[in-house]
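Dear colleague,

Please find below the structure I am handing over to you. My findings follow it.

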Amino acid sequence: MHRQYALAVLPEVFLFVLPGDVRGQNEHELADVLLSGWAVDILEENEDGWCKVRTFYGYEGWIFGKNLQKITAEELKRRQDKAVFRSI
């Protein structure tokens, strides 16, 4: 099974303990807030459009799928390589 990745596409993307409804509403506990451009691993997707994800620092939770942009492993690697090069 190949891994799926995505980027947060809003200035702040909310990571919840449990998924919300089909409209993107969620009243469950907030686990974390991701900033625009942060990458996540997609662990699963449900029928209401929510994605269970893992952040690069190990937090897991649910993000409404419309707040993510899926990317390939190759795109993520190129993006990370550019970030490392700029910091040298």
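The largest nonpolar core of this predicted model has 11 residues: Ala 6, Ala 8, Val 13, Leu 15, Leu 34, Val 40, Ile 42, Cys 51, Val 53, Ile 63 and Leu 68. A nonpolar core here is a set of buried Ala, Val, Leu, Ile, Met, Phe, Trp, Tyr and Cys residues joined through side-chain atoms within 4.5 Å; buried means under 20% relative accessible area with a 1.4 Å probe, protein chains only. At least two residues of this core come from each of β1 (4-8), β2 (12-16), β4 (39-45) and β5 (50-55). Another core, of 5 residues, lies apart from it and includes Tyr 5, Leu 7, Ala 39 and Ile 71.

Beyond its neighbours within four places in sequence, Ala 6 contacts (heavy atoms within 4.5 Å) Trp 38, Ala 39, Val 40, Ile 42, Leu 68, Gln 69, Lys 70 and Ile 71.

The chain holds 7 strands and 1 helix, in the order β-β-β-β-β-β-β-α. Both are DSSP runs numbered from the N terminus: helices are H or I of at least four residues, strands E of at least two.

Of the 88 residues, 33% are buried. Among contacts with a separation of 6 or more, 55% join residues 24 or more positions apart. Along the principal axes, the C-alpha atoms fill a box of roughly 45 × 25 × 20 Å.

Residues are numbered from 1 along each chain as its sequence is written, and side-chain values use heavy atoms, without hydrogens and water. As the model is predicted, local features need pLDDT of at least 70 and side-chain atom pairs count only at pLDDT 80 or more, while totals for chains, interfaces and linings use all residues.

With kind regards

Terms used: Buried means under 20% relative accessible area, exposed over 50%, partly exposed in between (1.4 Å probe, protein chains only).
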